[in-house]
Amino acid sequence: MSTVVNDTTIHDLGYQRYEGAREGVRGAWRVLFAQGFRAMFGIGRPLKSKAVPAFVLAATMLPCLATLAASSATRGQLPIMYGNLIESQLILFVLFAAAQAPELLSHDQQHRVLPLILTRDVTRDVYASARRAAVWCALLVVCTAPLLLLYIGEIGIAVDPAAAFTKMGTKAGPVLMQATLTAWVIGAIGAAMASMTARRAYATASVIGLFLVATAVSIGLDDLAGVSADVSGFVDPLRSLHKMSLILFGEKNRAMDLAAPPPLRMFVALALALGAVGAIATCWRVRRVRV
């Protein structure tokens, strides 16, 4: 069937018209967020897309199970140290962000689907906030899982679980705070770096490279005279997150025995600031992407 209007032929190809409710900006934001969150874990994608999420979850959970088993076998004589486990897991969280964040932000640029997404309702800021929220929430799940396993496991292996639950109540806040701020920092930086290029490989390398450079600079500052360990530690986000975890869970390392660390509020402020800078950088980049 065809219709002629002003010497122009309009062909009806038989496609079904959309007659449902139009949810506007909120509905579009939810769709972008949900699709991005699923993509972070490779849901609905080929099996190889699930390899990194599965590896990171397994690599962070297994040491926690081993620690719980060792503590249970020694009847609590071997204490469960949250800070030590977090230190070894931070680089795995970076790997997760580096591998999966480009799937959301670089992929859309590479395949030039942004013109289809950036419609009248979906602005660039709406798109950037939805993608950034998806990265943060996915990382929040990954960061919370091992800490929550330790928390529940420590209660479960106690001789008196009820008494342990009452005693462990003070650790619920640190668990949520540490996971939230870790996801906020790594997710924001990962999303910002992933948005800078349309090449997924370059995006992944830039995320990992940024954290490695920050660590190298921090270690280099340790060797310079006149630079305190506190100042050099603030240069490296991963080092700051680790030290924050030690303070939150009331643990110490050798450096903290020699000199008292800065107050907790300084590490929290630094984490919030880093996440905010990453969020601003993501919006700045998305606004300048050519479509």
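## Close-up views of a predicted model

**View 1. Val213 on helix H7.** Helix H7 spans residues 200-222, and Val213 is part of this helix. The model shown here is predicted. Is Val213 buried or exposed? Val213 has a relative accessible area of 51%. The cut-off for exposed is over 50%, so Val213 counts as exposed.

View 2. Rolling a probe the size of a water molecule over the atoms shows where empty space is left. The volume of the second largest pocket is about 260 Å³. Its lining has 13 residues, and the closest to the pocket centre are Glu87, Leu238, Arg239, His242 and Lys243.

**View 3. The lining of the second largest pocket.** Which helices each supply at least two residues of this lining? They are helix H3 (82-110) and helix H9 (237-248). H9 gives the most, with 5 residues. By type, the lining residues of this pocket divide into 6 nonpolar, 3 polar and 4 charged.

**View 4. The chain behind the close-ups.** The chain holds 11 helices and 2 strands. Along the sequence, the pattern reads β-β-α-α-α-α-α-α-α-α-α-α-α. How much of the chain is made up of buried residues? Of the 291 residues in the chain, 40% are buried.

Key
Residues numbered from 1 in each chain as written. Predicted model: local features only at pLDDT ≥ 70, side-chain atom pairs only at ≥ 80, totals over all residues. Heavy atoms only, no water. 1 Å grid on protein atoms, 1.4 Å probe; cavity = no way out; pocket = protein on both sides within 12 Å on 5 of 7 lines; lining within 4 Å. Points joined across faces, edges and corners; volume = space filled by probe spheres on them. Helix = DSSP H or I, 4+ residues; strand = E, 2+ residues; numbered from the N terminus. Nonpolar A, V, L, I, M, F, W, Y, C, P; charged D, E, K, R; others polar. Buried < 20%, exposed > 50% of the residue type's maximum accessible area, 1.4 Å probe, protein only.
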